[in-house]
Amino acid sequence: MIEVKNLTKRFGSNYAVNDISFTVNDGEILGFLGPNGAGKTTTMNMITGYISATSGDCIINGADILAQPEKAKKNIGYLPENPPLYNDMTVMEYLNFVAEIKKVKPAERKKSVRTLMETVKITDMKNRLTKNLSKGYRQRVGLAQAMMGNPDVLILDEPTIGLDPKQINEMREVIKSLGKKHTVILSSHILTEVSAMCDRVMIISRGKIVASDTTENLSAAFAGAGKLLIRVKAERERVLDALSQIPGISAGGEISREAGTLDFTITSEEDTDIREAVFNAMHRNGISLLMMKPFDVSLEDIFLQVTSSDGGEAQ
Amino acid sequence: MTSVIKKELRTYFSSVIGYALVAGFVLMNAIFFYAINLDGRNTAFYEVLNNTSIIFLIMVPILTMRLFAEESKQKTDQLLFTSPLKTEQVVFGKYLSAVCFMGISMSITVLFPVILSFFSEDFPTAQVVSGYAGYFLMAAAFVSVGMFVSALTDNQIVSAFVSFVILLIIYIILPFLLYVLPGETMASFVLLVLLILVFGLFFTLSTKNLYAGVTVCVILLAAASAVYYFNPLLLDGFLRGFVSWFSVSSRFDNFYNGVLSLSDIVYYIGFSLAFIYFTINVIEKRRWK
């Protein structure tokens, strides 16, 4: 379990992270989203004790990272943005070294190195120097490093960066299965990835949390129930006339995407379900309704919405 | 800590540089061994140690340049400092690994005096043994300086060059200064004032309190002036004492003369510990900024 309270990091007069608080429970995967330079990496570096916070606390399984660093760090596995690999070591030597400094018991070292190499599928590469590995394999060795010693908390900074689509899928599976037993925070700026893996999403922008909820709730909150896209085969006036019979809606955004048809965006002012009313209105007026679908708000839209509005404020 | 030592030693010997350094060091000793002992028909092997210790100026910077500079450049320090290891353990591990490396190189050269001892009746065992002790302790002190410099930068070349310049000052310029420095109290007073000002500056920077810094400075300066005015004899030799404190190599003379004094041993170990302490502080500061 990770508790972050009023965490702030200031570089000079510039707030990299500004007073953020959140909790991640056991067995939960939290996705950290944000544009470049939003403070994701800084936050992770503070949680793992790599850099100190200007103010605020990070508590890992009840141990404060600054007050009881050894106890807290024992429970953390960290995969930084660039996997911290020593170029002059082979994969096997490297993982053995990691096992030593993470205080894995000597009797278990061999076994845990072997198991981890199998988990992240790098057994074939075990005798290669890490400097000769491709980005994808480096990333996997980095993940194995983070998982060494079976820590309760995993902090993964952009874990799928540089992987090919097949590897991304495998990596996601690994992380998802990790999420069953571990507390995981992962950062990304790829939104589909976060929605695919995470129980909860936190969007951070300019050092502040701008949204935090499950992906479904976020979509629902930002979509609004009563927004429809329809495609009809009729003249503009007839359609507008038909729509004006329904109270409490406004239509706009008309565009012709298919020859002889028109698309309209209909918004209900009270967030009520207007699908039936729209269908009936079209039917009464003899207009052929070719398509009707609720506006689906993707995480991309939410992301752009919250980060850009925040940016506007700050400027 | 042993894991860090093992890892660093493996790194030294996983590239050609480690072997080249050992070979160069042994070769240098061999040349002097030949010139002084074999060709000169002389059993004084400690002369070889005295002459070859200058190679530390090159060898130590190469050895220590990557200790921390490489880690922060490759960001591998993220692994070390987010692991359950303490900063002290990492720093001591790295220091000891470089010291071990020097020890390994030196242990090969022990062959020369051993060979020599078979062929001479009055072999100066005590002087050679104490010479080796001083040789090793001096190298260890230099390593601590090199490591400290390495922690200040993430550029290995800068690290090596700056360490080289500092070691050059310590090794050659300070002993030379000891001969030419005036023993006057005035010069000592000027040095004392400079030291107080530097201390005041650090004090102000670290407490971020200008008022307190200026107050401390003024009090110390007043005290120094009072000493200079009323009892200038106290300042006599202060300058020399100060310079000789940093003059690591002049301490070696005692060892070389066969005098194993506790104060010299403590001096060398204290010197190393001081720079190890500075290194730990620099690293912690960097992360706590």
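## Surroundings of T153(B)

In this predicted model, T153(B) touches A69(B), S72(B), V158(B), S159(B) and R286(B), when residues up to four places away in sequence are not counted. The residue sits in the loop between helix 9 and helix 10 (156–180) of chain B, and because its relative accessibility is 14%, below the 20% limit, T153(B) counts as buried.

T153(B) and K73(B) are separated by 80 residues in sequence, while their C-alpha atoms are 8.9 Å apart in space. A polar atom of the side chain of T153(B) also lies 2.9 Å from the backbone nitrogen of N155(B).

## Helix 9 of chain B

Helix 9 of chain B covers residues 125–152, and at 1.5 Å a residue its 28 residues should span 40 Å, which agrees with the 41 Å between its end C-alpha atoms. Of these 28 residues, 21 are buried, so helix 9 of chain B is largely enclosed by the rest of the structure.

## The four-stranded sheet of chain A

Chain A contains an open sheet of four strands in the order 12-13-11-14, with antiparallel pairing. Strand 12 (249–255) and strand 14 (288–294) of chain A stand at the edges, and because each has a single partner strand, one side of each is left without a neighbour in the sheet. From one strand to the next, the twist averages 25 degrees.

Strand 11 (residues 227–233) of chain A runs antiparallel to strand 14 of chain A, and the two are joined by six bridges. Within this pairing, L228(A) stands opposite P294(A), a residue of strand 14 of chain A.

Conventions. Residues numbered from 1 in each chain as written. Chains lettered and ligands numbered in written order. Predicted model: local features only at pLDDT ≥ 70, side-chain atom pairs only at ≥ 80, totals over all residues. Heavy atoms only, no water. Expected span 1.5 Å × (residues − 1). Buried < 20%, exposed > 50% of the residue type's maximum accessible area, 1.4 Å probe, protein only. Pairing = 2+ DSSP bridges. Axes fitted to C-alpha atoms, helices over the stretch in contact; angles between N-to-C directions. Contact = heavy atoms within 4.5 Å. Polar contact = N/O pair within 3.5 Å; in protein donor to acceptor, adjacent residues only side chain to side chain.
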